[in-house]
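Work through each task before reading its solution.

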Amino acid sequence: MRLSAVRVGAFFFMACNVIPEPKNFVNLHLVMSALEDIRQSLQPELDRLDNLIAETLDSSNPLMKQVIGNYLCHKGKQLRPILVMLTARLFGEVNADVLTAAASVEILHNASLIHDDVVDDSDRRHGYETINAVWDNHVAVLVGDFFVSNALMLATRTGDLRVIRTIAELGKLLSLGEMDQIYNARYHELNEESYFKVISHKTASLFVSCVAMGGYCTGADESGIENMRRFAELFGQCFQIKDDIFDYFDDPVIGKPTGNDLREGKVTLPLLYALSQSESSERDSMLSILSADNALAEDDIDRLIAFARDNGGIEYAYSTMERLRDEGATILSAFDSPVTGSLLALFDFVIARKK
């Protein structure tokens, strides 16, 4: 059975203040449980991964030890190491180098989150206080740097220059993605090409690195790895588009659309589409708001969110994810392995998720 969260939800958008629910709740529940099924199949490997990360980040410094210990208590869904492992299973098996590479990319990913929280002055992430909120920016930056160094150290353990190069290149792409985003916000680059360049660097590059390392560590041929790179890029783009959609709907804590992206000057796919389609005086008014050099007022943010929703932006974002997902499914169809079902289910989970 095809469990496409996009098929059942792409055009189900109502004029309400909550994220659209797919109509087919049976399929939705199946999709949302897919990640847990995949996690169960990888549980022994994930347990070893957790131990490896904890051992790698251990420190003789009591403050570093305390901060990292608290941080590791709130691990996320581990999508990135799971993708490394599933790719390894696609081409071979989850060996010691695969686990080391998975730990490396997960640690680097968390380093980028810690540094992002400092840059954005965020006090919470996924409901938990950030390191900079509990301690201060100085401590958070140093902890983030400690994570980066350990990610690189782990990569060297594989003895594979391609893995080391992948981690080093990933750090560069993540930084470039953030700088691309700042440039677009400051110089008002309001087009899809610029948007996809940003999300390919700042988000998709992590997933692309995951599948590349899973392939390298199992001796996969270059053509197979290249196909999986494209799959992972599509996967990562969908991940970011779904994240961007959240910003246009009610946050359960504040009771209104967060508008955080717009507050930071980021114009994402739903609003970009609405601006490209409308020829009304309202569109001109929206462009005038966005072209101002001063920070957006809360009323302006509310107007921009409403404009994107009222002019097809959300539906377009869902249809874009559907197109990307279908391309990803076509790529997977070339592989003769039961693992492709898990990879596609993971893709559907990313699109169906609620946070």
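**Exercise 1.** State which residues are linked into a cluster by ring pairs, then classify the pair Phe207 and Phe239.

*Solution.* Step 1: the cluster joined by ring pairs consists of Phe207, Phe231, Phe235, Phe239 and Phe347. The model is predicted: local features need pLDDT of at least 70, side-chain atom pairs count only at pLDDT 80 or more, and totals for chains, interfaces and linings use all residues. Residues are numbered from 1 along each chain as its sequence is written, and side-chain values use heavy atoms, with hydrogens and water left out.

Step 1: rings of Phe, Tyr and Trp (its six-membered ring) pair if their centres lie within 6.5 Å; planes under 30 degrees apart count as stacked, over 60 as edge-to-face and the rest as tilted. For the whole structure, the search gives ten aromatic pairs.

Step 2: the ring centres of Phe207 and Phe239 are 5.5 Å apart and their planes are at 50 degrees, so this pair is tilted. Phe207 belongs to helix 10 and Phe239 to helix 11, 32 residues apart, and the pair links distant parts of the chain. Helices are DSSP runs (H or I, at least four residues), numbered from the N terminus.

**Exercise 2.** Decide whether Phe207, Phe239, Tyr183 and Tyr187 are buried, partly exposed or exposed.

*Solution.* Step 1: buried means under 20% relative accessible area, exposed over 50%, and partly exposed in between (1.4 Å probe, protein chains only).

Step 1: Phe207 has 0% relative accessibility and counts as buried; Phe239, at 12%, is buried.

Step 2: Tyr183 has a relative accessible area of 43% and is partly exposed, while Tyr187, at 54%, counts as exposed. Both tyrosines lie in helix 9, four residues apart, about one turn of the helix.

**Exercise 3.** Describe the lining of the second largest pocket by element and by class.

*Solution.* Step 1: on a 1 Å grid over the protein atoms alone, a pocket is an open set of points where a 1.4 Å probe fits, with protein on both sides within 12 Å along at least five of seven lines; lining residues have an atom within 4 Å of a point.

Step 1: the lining includes Thr166, Ser200, Arg229 and Glu233. Helix 9 (161–187), helix 10 (192–216) and helix 11 (222–246) each give two or more residues to this lining, and helix 10 has the largest share, six residues.

Step 2: the classes are five nonpolar, four polar and three charged residues. Ala, Val, Leu, Ile, Met, Phe, Trp, Tyr, Cys and Pro count as nonpolar, Asp, Glu, Lys and Arg as charged, and the others, Gly among them, as polar.
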